[in-house]
Amino acid sequence: DTPSPSSRPASAMRLCRFLFRSPFALRPILRLTLPRLPVRMFQEKKLAEDTTAAKTTDEHRDLDTRRKKALWRCRQRGWVEIDLLMGNWAAENIPAMSDKQLGELEVIIAQENPSLLNWLLGHEDVPEELDTKTMRSMRNYVVEGKKKWTVGGNQ
């Protein structure tokens, strides 16, 4: 049982009209509810320094930590099919990977699931920039193991 607009107090009606007509009326309310973000004076310079610092941190990151993160991302893609295919391949191959191969894998992991699944199953050709030794190894693992991945096993 909501009251009709005519039964509301006139002051509430005026307040509603004022708030919806004037965007400036909401500023004090927004100022109280939204956090203030710091404004950088030299934002371009700071961003360049932050990017350089991030690259330096990435370059010096421990290889073992990168391997663990890559293994996790291969096993937790969000699609069961890719989780199984990439996760099993990664569990067998990541421990012996070099820094360069791990970099190739990180580029592969960054790709979208639909494209990745099509490349692994051989439904689409792998783009030249991603056709690396790591991708070929992963693709061979999936193609050779297709009998294991199908229902019935020996079909």
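**Notebook: Ile108 and its surroundings**

I looked up Ile108 and, leaving aside its neighbours within four places in sequence, I found it in contact (heavy atoms within 4.5 Å) with Leu116, Thr132, Thr134, Met135 and Met138. I note that this is a predicted model, in which local features need pLDDT of at least 70, side-chain atom pairs count only at pLDDT 80 or more, and totals for chains, interfaces and linings use all residues. Residues are numbered from 1 along each chain as its sequence is written, and side-chain values use heavy atoms, with hydrogens and water left out.

I then checked where Ile108 sits, and its place is in helix α6, residues 99-109 (helices are DSSP runs of H or I with at least four residues, numbered from the N terminus). Ile108 is buried, with a relative accessible area of 1%, where buried means under 20% relative accessible area with a 1.4 Å probe and protein chains only.

Next I turned to the partner helix, α8 (residues 133-144), which packs with α6 at an angle of about 65°, their axes 8 Å apart; the axes are lines fitted to C-alpha atoms over the stretch in contact, and angles run from 0 to 180 degrees between N-to-C directions. The two helices, α6 and α8, are therefore roughly perpendicular to each other, a term that covers 65 to 115 degrees. I listed Gln101, Glu104, Leu105 and Ile108 in α6 as meeting Lys133, Thr134, Met135 and Met138 in α8.

Finally I looked up Met86, and, again leaving aside neighbours within four places in sequence, I found it in contact with Cys74, Arg77, Ile109, Leu116, Leu120 and Met138.

Conventions. Buried < 20%, exposed > 50% of the residue type's maximum accessible area, 1.4 Å probe, protein only. Parallel < 35°, antiparallel > 145°, perpendicular 65-115°, else oblique.
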